[in-house]
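Student: Please take a close look at a single helix in this model. I would like its length, its sides and its setting in the chain.

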Amino acid sequence: MPDGLWWLPSLLVFGAAVAAFIGGVVALRRGGARRERAALAAGAAVEVRAKGLIVQADNAVRDAERELAFAEAQFGADDVASMRAALERARGWMREAFILQQRLDDADADTAAERRTWSARIEGLCTSVIGALDDAQSSIASRRRSERGVYAELPALRQQAERLGRRRVEAEAVLGRLATRFAPSALAEPHAALVRAEAALATAAGALDEAGAHLDRGEPAADRLGPASDDLERAVRDLDDIEQVELRLAAAQADAAAEATALDAELVAARRERDAHDDPDAASSLGSAIGDGSAAMAGRSALAGDPFADRDRLRACRDRLEVTRAAARNAQGRLDGARGALGGAIAIAESQLRVARAAIDRGGHAVGADARTRLAEAERQLVIAHQEPDPVAALDAARRATSRASDAEGLALYRGR
């Protein structure tokens, strides 16, 4: 190759590399374009679905606007405030959905990823619009069904109120008849129930009249029937209680008679136990309980008009007497037990005293004051045990004598070594 053409091979190599690079770039661009076109084609179905949802949601908003106008005319603006709020939210969502759809419809090229994001957002917004408006309209439809039911429920409640009014008159007559046989205290609760029933019936009648007036004017009335129904239920409960009072009075009379019989038997047994009791405190407690029970039995005539009070007083006296008798029996048991154990305890104390004296005598002058003091205390406690009339206290003294004598013996042996 001539010397002047030495650069020709390098130029050829460089040209081939440039051509290869350009070809690669072109191929990459063509591949990216193909992938983007494929992604756009795949997202086309999503965009079509989003457009269909926009139509559905927009129609739902228009229908809700008409429904809101009808509902306001029927129920008033305050009663449809929740539907109005739902419609306002739906309008805001639709404004955003239309803006996104406009971006999709613009001539400017958008990436497949952007279009997928916008379409998904449109779907979500439209779904929220349709769901919120469906809920709001379902609530209004339920309210309309309730209002239609008022025309059947109102007469039924009025009939119930009339029946309860007649029952109230009968209950008042029953209480008037019972007042000739029983004291006012026995009928205080039924009279209070009658007052409550009268108030509930009056309130219910007012609510039912108001509901009827609203229906006559073509206005909503369902919200008046709920409180009226509740008042009628309260009146039913109070009238039921009044109608059962005669049975409760008869049961209280029978219970009072049974309590009187049982208390009388308790009093006989308690008097016998009191007279035979060795413990003065227990005997005094028994005497007090017997006095209360006897007073309750003697005063029954004063409570003849109130069998509830008579029964409760007798029951309280009987309960107290039973408790007092049980305590007295326990005290007597302690006395009997102490009396039975006293002889043995004194014998043990005397024996231990003899042992202690012998120990001190053997120790002589070496035995100190501690042992001699314990022995003197033991002898004193033994004298108490012999002289104490209370067997429980005597038993305690005998046991203390044994303990002190044992201490004296131990000290004498220790000091005497």
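Tutor: Helix α7 runs over residues 280-298, and its 19 residues should span 27 Å at 1.5 Å a residue; the end C-alpha atoms lie 26 Å apart, which agrees. The model is a predicted one. The buried residues of α7 are Ala282, Ala283, Leu286, Ala289, Ile290, Gly293 and Ala296. They sit on the same side of α7, because the arc they cover around the axis is only 145°. Buried here stands for under 20% relative accessible area, and exposed for over 50%. Pro280, Asp281 and Ala298 are exposed, on the face of α7 turned away from its buried side.

Of the 417 residues in the chain, 34% are buried. Among contacts with a separation of 6 or more, 77% join residues 24 or more positions apart. The chain exposes about 23,700 Å², of which carbon and sulfur atoms supply 55%.

The largest nonpolar core has 28 residues, and those touching the most other members are Leu164, Leu208, Leu232, Ile242 and Leu249. At least two residues of this core come from each of α3 (112-178), α4 (188-216), α5 (222-243) and α6 (245-276). The most are given by α4, with 9 residues. Leaving aside residues up to four places away in sequence, Leu208 touches Leu154, Leu157, Arg158, Ala161, Leu225 and Ala228.

Terms used. Residues numbered from 1 in each chain as written. Predicted model: local features only at pLDDT ≥ 70, side-chain atom pairs only at ≥ 80, totals over all residues. Heavy atoms only, no water. Buried < 20%, exposed > 50% of the residue type's maximum accessible area, 1.4 Å probe, protein only. Contact = heavy atoms within 4.5 Å. Areas by Shrake-Rupley, 256 points an atom, 1.4 Å probe, with all protein chains shown as cover. Helix = DSSP H or I, 4+ residues; strand = E, 2+ residues; numbered from the N terminus. Expected span 1.5 Å × (residues − 1). Arc of directions from axis to C-beta. Core = buried A, V, L, I, M, F, W, Y, C linked by side-chain atoms within 4.5 Å.
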